[in-house]
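Here's a quick briefing to read alongside the structure.

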Amino acid sequence: MTAEDEMTVATPVPVVITTRPEVLRDERRGAEPRPTKLALRKLSVYYGSFRAVNEITLDVAANSVTAIIGPSGCGKSTLLRAINRMTDLVPNARATGEIMLDGANVLDPQVDVVEVRRRVGMVFQRPNPFPKSIFDNVAYGPRLYGVRGKALGDVVEQTLRGAALWDEVKDKLRQSAYALSGGQQQRLCIARAMAVEPEVILMDEPASALDPRATLLIEELMRQLKDRYTIVIVTHNMQQAARVSDETAFLTMGDDRAGYLVEMSPTVEIFTNPKNRLTEDYVSGRFG
Ligand code: ADP
């Protein structure tokens, strides 16, 4: 949480739903239902004895963007990090329940965590490129898998093209990633996640440190990427959730401060006709 986030959360801002048709178009209406890629079943996450996430059950459809929204501290990041077992890296943290990825439980102790993190990539709030060249950032993962020579160059090019960054960096691949703008660095981090051919990409407030133009580029990229990946994004920016996601999950906190799922619905319904009063209060800015 940054001071900026705190301010955003503390100051309820009514959500203005734009009427631009491409924004709220429910692309899935009338389409065949997509298969479930991720199924959370009674997922709870604890830090020591504190339960941060309380028995969350929800399905994420393949090749869709799912937004997770809710007040600060309700467990959005914790939920996201459980999905690729990053909670393992936090001493005292543990997850119970099931996170089914294509029907196999990610939380199973027998599971190869390295493989889970290859299949489920993560992009963070602040761009965090490695202190290496642009090329080496993207090549990092493929090299670990033994890709070398021309094949490596091809992977880097294809990945940078896929992340809508190639044209901007093709003449300076050997320069430090730090020479890029914040928005370019974030697209490089998305490219780095894509380079190991994940199936799911988790994004934790990926645009909150970026200016409006860089934010729109990231959002446009997300819309393109869902053809190839399943995307789950945590955002405190409700307009962003409305612009990019197909489905939205609204979480809030109980009296014990544990985050729970209030409702998950097609995004257009969450913002125009929510089922639950708590959702309505949150999206209309009455509760932040
Ligand atoms: P959100 O992303 O919705 O703001 P978080 O997932 O960051 O919420 O945090 C959920 C709750 O878990 C908060 O009460 C937070 O203080 C707590 N928490 C988060 N990370 C840790 C940690 N590493 N150790 C202990 N408590 C944590």
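Let's start with how α5 passes α6: the crossing is right-handed. This is a predicted model, so keep that in mind throughout. The two helices cover residues 134–144 (α5) and 149–162 (α6), and their axes cross at roughly 115 degrees, coming within 9 Å.

**The α5/α6 contact**

- On the α5 side, the contact is made by F135, V138, A139, P142 and R143.
- The α6 side brings in L152, V155, V156, T159 and L160.
- Sorted by class, the contact of α5 with α6 has 8 nonpolar residues, plus 1 polar and 1 charged.
- As a general point, a pair of packed helices is described by the angle between the axes and the distance between them.
- It's also handy to recall that an α-helix has 3.6 residues a turn, so residues three or four places apart point the same way.

**Y140, elsewhere on α5**

- Y140 also sits in helix α5.
- Setting aside neighbours within four places in sequence, Y140 is in contact with F130 and R192.
- Y140 and A193 are 53 residues apart in sequence, yet their C-alpha atoms are 9.9 Å apart in space.

**The ligand shell**

- Which residues surround the ligand? They are Y47, A52, G70, S72, G73, C74, G75, K76, S77, T78, V90 and R257.
- By class, that shell around the ligand splits into 4 nonpolar, 6 polar and 2 charged residues.
- Helix α3, spanning residues 76–83, gives the most to the shell, with 3 residues.

- How much of α3 is buried? The helix is mostly covered, with 8 of its 8 residues buried.
- The buried residues of α3 are K76, S77, T78, L79, L80, R81, A82 and I83.
- Then comes R85, which follows α3 and has a positive phi, near 65 degrees.
- That's a positive value in a residue other than glycine.
- R85 is in the loop between α3 and β4, the strand at 93–101.
- Is R85 buried or partly exposed? R85 has 18 C-beta neighbours inside 10 Å, so it counts as partly exposed.
- N92 is found in the loop between α3 and β4 too.
- N92 isn't a glycine either, but has a positive phi of about 80 degrees.
- Why does N92 count as exposed? Because N92 has 10 other C-beta atoms within 10 Å, and 12 or fewer makes a residue exposed.

**R94 on strand β4**

- R94 lies in strand β4.
- R94 counts as partly exposed because it has 14 C-beta neighbours inside 10 Å.
- The C-alpha atoms of R94 and V45 are separated by 5.7 Å, although the two residues are 49 residues apart along the chain.

**The nonpolar core**

- The largest nonpolar core has 74 residues.
- Within it, I68, I99, A191, I201, L202, I231 and I233 touch the most other members.
- Which helix gives the most to this core? That's α8 (residues 182–194), with 6 residues.
- For a closer look at I233, leave aside its neighbours within four places in sequence: I233 is then in contact with V65, A67, M203, P206, M222, V244 and S245.

**V111, in another loop**

- V111 is in the loop between β5 (104–105) and α4 (113–119).
- V111 is partly exposed because 15 other C-beta atoms lie within 10 Å.
- Beyond its neighbours within four places in sequence, V111 is in contact with V106 and V116.

**The whole chain**

- How many helices and strands does the protein chain have? There are 12 helices and 10 strands.
- The chain has 288 residues, of which 40% count as buried.
- Among contacts with a separation of 6 or more, 70% are between residues 24 or more positions apart.

Technical notes:
Residues numbered from 1 in each chain as written. Predicted model: local features only at pLDDT ≥ 70, side-chain atom pairs only at ≥ 80, totals over all residues. Near = placed C-beta within 6 Å. Helix = DSSP H or I, 4+ residues; strand = E, 2+ residues; numbered from the N terminus. Nonpolar A, V, L, I, M, F, W, Y, C, P; charged D, E, K, R; others polar. Buried ≥ 20, exposed ≤ 12 C-beta atoms within 10 Å, placed from the backbone. Axes fitted to C-alpha atoms, helices over the stretch in contact; angles between N-to-C directions. Left-handed = near helix turned anticlockwise from the far one by under 90°. Contact = placed C-beta atoms within 7 Å. Core = buried A, V, L, I, M, F, W, Y, C linked by C-beta atoms within 7 Å.
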